[in-house]
Amino acid sequence: ETIENKSTGVIKIEAAITTTDKNHFHGGCVGRSQEASGTIKTATNRGSVTTSTALGGGTLYLGGVVGEITATVTTANNHGAITVAGSHTGTSYIGGISGKTTAAVTTANNYGAIDVSSNADGGKRYIAGIAPQLYGGGTGLTNHATGDITTNLQKGSNTYVSGICGF
């Protein structure tokens, strides 16, 4: 039930992935959780999550705690900075807690700054302090980040940025 990354180091993803049809799931504690009937209780990440790689196409789901989740989350905390650099021509979902969440989230706190600087053409970027996609709704969601949510995206990118969640 409790998941915690106590390391204050960096979780760094560096690999040239050139596929155009694959999805990428990166998280401080879990990359992807597809157990819709489950619950994640008390998940905390203390390390920075950094990707500076050529991801090619596909969709990037990146979160301080989990990349993509279908289970209910009852307490999640991210203390690490999130940095996304490199080229990626697909769509990106980047959040302090989760990139994409399809279940309810209760009590989520992000303390880490988010910096997205991609040199890719095209693609959409959804960036939020908690989760850019939060389909199951949420309560007690707070972005305490002492740093900013910053983007430095190149031409042809549609970018949507929010302090808590996008939609």
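Are Tyr93 and Tyr126 buried or exposed? Both Tyr93 and Tyr126 are buried, and the close-ups below show them alongside other features of this predicted model.

**Close-up A. Tyr61 and Tyr93 meet ring to ring.** Four aromatic pairs are counted in the structure. In the pair shown here, the ring centres of Tyr61 and Tyr93 are 5.4 Å apart and the planes are at 10°, so the two rings count as stacked. Tyr61 sits in strand S8 (residues 60–63) and Tyr93 in strand S13 (residues 92–95), so this contact ties together parts of the chain 32 residues apart in sequence. Tyr61 and Tyr93 are both buried.

**Close-up B. Tyr93 also pairs with Tyr126.** Here the rings of Tyr93 and Tyr126 are stacked, with 5.0 Å from centre to centre and 5° between the planes. This pair, too, links distant parts of the chain: Tyr93 belongs to strand S13 and Tyr126 to strand S17 (residues 124–128), 33 residues apart.

**Close-up C. Arg32 reaches Glu68 in a salt bridge.** The structure has two salt bridges. In the one between Arg32 and Glu68, the closest N and O atoms are 2.8 Å apart. Glu68 counts as buried because its relative accessible area of 8% is under 20%, whereas Arg32, at 39%, is partly exposed.

Close-up D. The side chains of Lys100 and Glu68 form a salt bridge, at 3.9 Å from N to O. Lys100 is in strand S14 (residues 98–101) and Glu68 in strand S9, and the two are 32 residues apart. With a relative accessibility of 18%, Lys100 counts as buried. Through shared partners, the salt bridges join Arg32, Glu68 and Lys100 into one network.

Close-up E. The structure holds one cavity of 30 Å³ or more, and about 30 Å³ of space lies in the largest cavity. Which residues line the largest cavity? Look for Ile40, Ala43, Val65, Val66, Ile69, Val73, Ala76 and Ile97. By class, this lining has eight nonpolar residues, with no polar and no charged ones.

Key: Residues are numbered from 1 along each chain as its sequence is written. This is a predicted model: local features need pLDDT of at least 70, side-chain atom pairs count only at pLDDT 80 or more; totals for chains, interfaces and linings use all residues. Side-chain values use heavy atoms; hydrogens and water are left out. On a 1 Å grid over the protein atoms alone, a cavity is a set of points where a 1.4 Å probe fits but cannot get out, and a pocket is an open set with protein on both sides within 12 Å along at least five of seven lines; lining residues have an atom within 4 Å of a point. Grid points are joined across faces, edges and corners, and a volume is the space filled by probe spheres set on the points. Ala, Val, Leu, Ile, Met, Phe, Trp, Tyr, Cys and Pro count as nonpolar, Asp, Glu, Lys and Arg as charged, and the others, Gly among them, as polar. A salt bridge is a side-chain nitrogen of Lys or Arg within 4 Å of a carboxyl oxygen of Asp or Glu. Buried means under 20% relative accessible area, exposed over 50%, partly exposed in between (1.4 Å probe, protein chains only). Helices (H or I, at least four residues) and strands (E, at least two) are DSSP runs, numbered from the N terminus. Rings of Phe, Tyr and Trp (its six-membered ring) pair if their centres lie within 6.5 Å; planes under 30 degrees apart count as stacked, over 60 as edge-to-face and the rest as tilted.
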